[in-house]
Amino acid sequence: MYAFVNGPLVWIAFAVLVLGSLWQIVSLYKMSKRTDKVYYDHYNPGAAAASVWAWLMPFGSRSWREHPGLTVGTFAFHVCLIAVPLFALGHAATLEFNRGIAWPSLPDAVADKMTLVFLAAALFLLIRRFAVPQVRIVTECKDIVVWVITVLPFLTGYLSAHKLLLDPDTMLMLHVFTGCLMLICIPFTKLAHVFLFFMTRAFIGSEFARRGTKTW
Amino acid sequence: MSDQMPVNAEEIMAVIERNDSARLRAWLKTCTSCGLCSESCFFYLANDNKPEFMPQYKARKTLGELMKNKGKVTRAQLEEMKEVAWARCTMCRRCSQYCPFGIEIAVMINVARQCMRTQNVCPDRLMTIDQSYVEFGNQMSIPDEEFVETCEWMAEEGQDRLKDLEIPIDKEDTNIMFVVNSREPKYYPQDIQEAAMVMHAAGENWTMPSHGWEATNLSMFSGNLKVAGQVTQTLYDAAIKLRAKKICITECGHAYRAAKYEGPYWTKQPGGKAPVEVTHAVALFHSYMKEGRIKLKHKFKDAITYQHPCNLSRSGDLGELGDELMEMLCENYVPMEPHREWSHCCCGGGGFIPMGADYKKTRMVAGKVKAEQIQKTGAKFVLVPCHNCTDQINDLNKEYNLGIKVMSFKELICELMDLPPHMKPEGEEDE
Ligand code: SF4
Ligand code: SF4
């Protein structure tokens, strides 16, 4: 079990992530060629890029500026979500040990703090889901499931690094397992917004630009 | 009678399949239910932030339900959806500007309307209008001869205001083919006269078609896109036949959007472009002012604000030109906040005005946001370059005691413009 989780499962997870995402992107792209004539007729790369960029920047869009609390929460959540797994010392060391690839890393203390920031932001987003009526009314079970799937790797990572709750080996295995689960889920759940974001924003950026207006 | 008819799920599904696109799929997959779209919607704001009015919820309660049930819903369900799709959304598209993924709730609501329209579930007045388009080519059931007579009458009467005023009908090879909202010949023929005066004063080579003169396209809002396409095609055909360089839409919002942006798709134009360039009175008047073809006696002096119609300033490219034209004509222009492409819908659009008395109360409640915006500017004059907005703001004026006067650009220009001596009517000549 331990050997499977820490070995093949990791590779399977990455393979599913990459192939699954590619499949989603390619099939949607092919479909769009057939169904979204309006997009190809008026495709505007400048406006598409500007639209993506403005929304990737904290307070870059009017909507972000008008919702400062959510903006801070969302960006704290996403920045940590991407940076911590990518640059955690443990991950870099594993990569170097197993594959001999040198990878930049964050000092442990920083990754540790960022994990806590992430967990706090995640909690904020969860509470918001229930506390804010207009968000609660559109919240479904799958939103919560996706939340849990995203939070678990961070929680287990933190617990195993600090040798809390379970013995470190078991916790580490849970950490790897939940991490893999998240990667596998990305292409097939709402987490797909990781890459679909770029598609939908490019579309709306072009569509509004053709009407001489902006979406940021 | 239609109340007893069973619901035909296949017809509903046919509409959904026709509209099934990669972007719709991507929208359904990406929405993270973040709620950011809520406060962008004036329905939500005006109805005390009730969560049922938030955009994503409305899409889910209409198109979402239809898709989930594969079109197998009851008439009662459809009736409920009708109240959401028509009475809680004007398809103003402001929410898509506020959504991180740019999800177009308005497009989804539009698809839901199309689905319901196949089952004859649609506000009655809008359905009658579809019929009127088919029979008369315009929403007000005006025979073409009557329109031409109205123009002749308006030209003659207008000669008291501008010497030798003419309204050329079916003139070939002109620069502008001007088309109107059929409300004008029906209730406000002065509008035609004033538009003619401005164009005459600017020395424009223009005409109006005796057939294909209707600019509005309310079938876009009833969900009957077949008729919507016919209306647009008639307009294009008239311009092609007369070899006009441009079609100019009168001060009407959705008519511009239909002719310039949506019409090319209904009528399957290559590249999604209208076969004849489409412009709008705001752009036309702007060019006259900028080129000095219209001179003013003086600018308008009182504080005045400007209603940016969604279909001109958000779904159309006229936000900036509208503001510039206001500056050129008025000394004291006070913009509403937010304005231009971020402007709030006044609740006159999306077919709301023609939906009639049944929906007036809803319209007055949702219009509160606009009424407050106007009040905040402190201006007692509101310039409104759209017929549907005009009706709505006039109603809001009474409902909320705003004490304002609504004006159009042509009205304002006619009041301010300095006619060259040879155009001044007898008795007013300076020589
Ligand atoms: S703003 Fe967009 S992503 Fe958020 S709930 Fe509304 S439609 Fe969904
Ligand atoms: S399109 Fe306009 S009216 Fe409809 S939900 Fe969006 S903001 Fe509200």
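# Ligand shells, a sheet and salt bridges

Q: Which residues are around ligand 2?
A: B:Cys41, B:Phe42, B:Phe43, B:Pro55, B:Lys58, B:Cys89, B:Thr90, B:Met91, B:Cys92, B:Arg93, B:Cys95 and B:Ala106. Near here means a heavy atom within 4 Å. This is a predicted model, where local features need pLDDT of at least 70, side-chain atom pairs need 80 or more, and totals for chains, interfaces and linings use all residues. Residues are numbered from 1 along each chain as written, chains are lettered from A and ligands numbered from 1 in the order written, and side-chain values use heavy atoms, without hydrogens or water.

Q: Which helices supply at least two residues of that shell?
A: α3 (42–46) and α4 (55–68) of chain B. Helices are DSSP runs of H or I with at least four residues, strands runs of E with at least two, both numbered from the N terminus.

Q: How does the shell around ligand 2 divide by class?
A: Nine nonpolar, one polar and two charged. Ala, Val, Leu, Ile, Met, Phe, Trp, Tyr, Cys and Pro count as nonpolar, Asp, Glu, Lys and Arg as charged, the others, Gly among them, as polar.

Q: And what about ligand 1, by class?
A: Eight nonpolar, four polar and no charged residues. Among them are B:Cys31, B:Cys34, B:Cys37 and B:Cys99.

Q: New topic. What is the strand order in the open sheet of chain B?
A: β5-β6-β7, with parallel pairing. Strands pair if DSSP finds at least two bridges between them. The edge strands are β5 (304–306) and β7 (405–407) of chain B.

Q: What joins β5(B) to β6 of chain B?
A: Three bridges. B:Thr305 stands opposite B:Val382 in β6(B).

Q: Now salt bridges. How many over all chains?
A: The whole structure has 29. The criterion is a Lys or Arg side-chain nitrogen within 4 Å of an Asp or Glu carboxyl oxygen.

Q: Which residue does B:Arg23 meet in one?
A: A:Asp36, at 2.8 Å, N to O. B:Arg23 lies in helix α2 of chain B and A:Asp36 in a loop of chain A, so the pair joins two chains.

Q: Are those two buried or exposed?
A: Both B:Arg23 and A:Asp36 are buried. That is under 20% relative accessible area; exposed is over 50%, partly exposed in between (1.4 Å probe, protein chains only).

Q: What does B:Arg243 form a salt bridge with?
A: B:Glu172, with the closest N and O atoms 3.1 Å apart. B:Asp173 also forms one with B:Arg243, at 2.8 Å. B:Arg243 is partly exposed, at 45% relative accessibility.
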